[in-house]
Amino acid sequence: FLAMTNEIGLSPRWVASLIVVISFILFLANGWHSSLLPPVLVMSVPVYTGNRPTQSTEDCSTCTGISRTSPGVREPPWAGFGKAPSQLERKAYEQYSLSLIREDGGKLRQQYQCKFEHDSTWPAVPGKPQPIAIVSLLSASVPSLLNNYILGLEVLGYSLNEHCPKSVPRIVMVLENSPCDRLCQRRLRDAGWKMCAAPRIVPPHPSNFRRFRDQFVKLNLWNMVQYERIVYLDADTLAVGSLRGLLHTNVNRDHPMAAAQDISNGVWVSGFNMGVAVICTNGSEFVRLFRLMSGDKVSYSHTMSEQGFLGKVYESTWLKLPFEQNANLAAWTQKREHWKKHAANISVIHYTMEKGWAINARSAYYEIGVFWHERKHKMCYMRCSMVELCDLAAA
């Protein structure tokens with residue numbers, strides 16, 4: 001080997017140095033810890049995020065408010081959002097975490113705890129729970145539809161401005177690792193929403209419909225014990241009347257949830273529709289639901305995802321909401337007389353058969369789609385007016 005290196009003009013000292021460098025690289029490849037290296041050799045390696053291949057972990061966390069920690073490690077619920085909490089709030093969260101670990105299922109509750117935006121006006125750590133909050137979900141099961149559902153949440157948010165007290169917090173669960181960038185967050189905040197990062201909950205038997213596959217994340221609603229009750233609204237709903245009835249629905253431990261009866265093929269079915277629901281929060285109930293789901297202990301229609309699962313679990317204990325509080329669009333074509341009978345008192349329209357943003361003049365649901373598009377036009381007008389006012393102020 002030395003003879004060969006002499007023939008090509010390389011000195012033995014240079015070859016020895018090259019061998020040392022190669023050996024060093026091989027040791028690194030075999031798992032040397034970066035703390036053993038000089039600082040100059042510790043480099044920031046980009047992490048693949050699925051939608052932004054060149055972003056680092058830090059950039060993505062700053063953008064989405066979601067940190068990528070190992071599965072067993074949960075940061076405080078305000079991690080990655082806005083300003084840092086006070087020392088008292090941090091201490092309260094540490095005490096809460098310790099109390100969770102001591103109880104049965106506590107680690108599970110902590111692992112699947114949503115990470116909330118930090119805001120002194122609403123609790124990130126359960127102390128004395130607030131009475132109620134309105135929660136929705138931004139699902140990214142079908143990435144091509146993400147922008148449509150963001151628009152749906154915007155229109156829903158502006159409709160809630162008219163029909164719901166401003167004192168009631170409004171929260172959007174954003175799935176961890178979803179491609180919700182800063183522009184998405186700004187659009188949602190402008191519509192009155194605050195965000196929390198929700199861990200995915202994957203069932204043993206995912207639905208055949210792609211847009212239903214992330215729906216088990218709704219089990220997190222039971223774990224939001226910062227509030228006594230949760231009013232859940234799908235992103236394809238629209239408030240058209242007062243939500244006083246929904247906000248005062250009396251759910252409790254004997255009747256943990258309330259929802260409206262579902263309709264299928266022109267027939268009212270025995271189960272409920274999960275697009276509008278009122279939940280009595282309970283950490284122990286969350287653990288029970290999670291274990292029933294993960295242990296595959298409930299026989300239900302997998303196609304209907306969490307709706308089928310919860311329909312079986314609460315088959316005899318759910319409370320029935322009136323049709324007016326979840327006016328299922330299916331009833332417009334399948335039960336027209338029923339719709340007309342209750343039309344004057346409808347408070348929430350649920351665009352099930354065709355989404356509000358997809359309805360046009362040729363649609364069978366055009367007369368009901370008008371409500372959604374009118375709300376959208378009002379929203380756009382208000383935004384344009386605000387821009388003009390800002391331009392005038394700047395001038």
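Predicted model: local features only at pLDDT ≥ 70, side-chain atom pairs only at ≥ 80, totals over all residues.
1. Residues are numbered from 1 along each chain as its sequence is written, and side-chain values use heavy atoms, with hydrogens and water left out.

2. Strand β2 (residues 130-138) is joined by 5 bridges to β3 (residues 170-175), the two running parallel; strands, numbered from the N terminus, are DSSP runs of E of at least two residues, and helices are runs of H or I of at least four. Another 5 bridges join β2 to β5 (residues 227-233), again in parallel, and here I132 stands opposite R229.

3. Because 7 of its 9 residues are buried, β2 is largely enclosed by the rest of the structure, where buried means under 20% relative accessible area with a 1.4 Å probe, counting protein chains only. Across the protein, buried residues make up 48% of the 395 residues.

4. The open sheet has 8 strands in the order β1-β4-β3-β2-β5-β8-β7-β9, with mixed pairing, two strands being taken to pair if DSSP finds at least two bridges between them. Its edge strands are β1 (115-116) and β9 (319-321), each of which pairs on one side only.

5. Overall, the protein has 13 helices and 11 strands. Among contacts (heavy atoms within 4.5 Å) between residues at least 6 apart in sequence, 69% join residues at least 24 apart.

Key. Buried < 20%, exposed > 50% of the residue type's maximum accessible area, 1.4 Å probe, protein only.
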